[in-house]
Structures are given as C-alpha cells and as structure tokens.
Amino acid sequence: MLAITELQKIGIGVMGFGLFFLLFGMLLYFDSVLLAFGNILFLTGLALIIGFRRTAHFFFQRQKFRGSFFFLGGVTLVLCRWAIIGMLVESYGFVLLFRSFFPMALGFLLSAVNIPFLSAYFSSSPSMV
C-alpha cells in the first residue's frame, strides 16, 4: 500500500477547498472572485498531490497542448473577471485534457451494478438495449 505524505494530505485538503470554492462560485451566479480563488486552490492542490514536476509534465505534453491551452486560458479569463466565458473555456479544456480518462470512469460506474443497493436500482430501471 502506498504511504501518503504530509504534503499530499495538505494537497488533498487544498484541492477540496478549491472544488468547494468553484462550486460555491458557480452557485452564486459565477462570482469571479470565488471562481478565481477556487482555480488557484485547485491547481495548487494538484501540484501538492502529484508534485510540481509531474504537474508541469501533465499540462505540457505535446498531445495535450490544446487541452492545456484552453484549460489554463480559461483560468486566466476567470482571473481577469470574465467568469462565464472563462468557465466555458476551462470546461472545454478539462474535457480535452481528461478525455482518455472518461472511458475508465464510465467502466467504473458501470461496474457499480455489482454493488448491492445500486444493483437493485439499475435492475428496476428500463434497459436502453
């Protein structure tokens, strides 16, 4: 089992606060200050969890350049107080960055059918096939 360092624990907390501020900023009609603070905390937490070098390597890979450009450009737009446009651009960049992760996440969610209380829910819903 992998040991979690103290820096990674702090990073998890910082990232959690970043997600909270992002959600709260969207709930308050795209408050640009909360969104900017959430973006800064989220990126700082990510860097603390996986390390600064791996974070830079993730964002600046050649095949992920377009996604990184849109994601970081959206963060910059939010920091310049263009909250709605910045969040749209940032969301598009997020999809481009993590599109290879989505099939794995979908597979995990579909394997939730084996969880007892969820299997009762999925078996009662009509099938798409």
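A: Going along the sequence, the pattern is α-α-α-α-α-α-α, and the tally for this predicted model is 7 helices and 0 strands. The protein has 129 residues, and 29% of them count as buried. Its accessible surface is about 9,500 Å², with carbon and sulfur atoms supplying 76% of that. As for how the chain meets itself, take the contacts with a separation of 6 or more: 51% of them link residues 24 or more positions apart.

Now for the pair. Two packed helices are described by the angle between their axes and the distance between the axes. The pair to zoom in on is α2, residues 32-50, and α4, residues 65-79. Their axes come within 8 Å and cross at roughly 140°. The handedness is left: α2 passes α4 in a left-handed crossing.

Who's doing the touching? On the α2 side, it's Ser32, Leu35, Ala36, Asn39, Ile40, Phe42 and Leu43. Facing them from α4 are Phe71, Leu72, Val75, Val78 and Leu79. Sort the residues of this contact by type and you get 10 nonpolar, 2 polar and no charged.

How values were computed
Residues are numbered from 1 along each chain as its sequence is written. This is a predicted model: local features need pLDDT of at least 70, side-chain atom pairs count only at pLDDT 80 or more; totals for chains, interfaces and linings use all residues. Side-chain values use heavy atoms; hydrogens and water are left out. Axes are lines fitted to C-alpha atoms, for helices over the stretch in contact, and angles run from 0 to 180 degrees between N-to-C directions. Helices (H or I, at least four residues) and strands (E, at least two) are DSSP runs, numbered from the N terminus. A crossing is left-handed if the near helix is turned anticlockwise from the far one by less than a right angle, and right-handed if clockwise. Contact means heavy atoms within 4.5 Å. Ala, Val, Leu, Ile, Met, Phe, Trp, Tyr, Cys and Pro count as nonpolar, Asp, Glu, Lys and Arg as charged, and the others, Gly among them, as polar. Buried means under 20% relative accessible area, exposed over 50%, partly exposed in between (1.4 Å probe, protein chains only). Accessible areas come from the Shrake-Rupley method with a 1.4 Å probe; for residues, only the protein chains shown count as cover.
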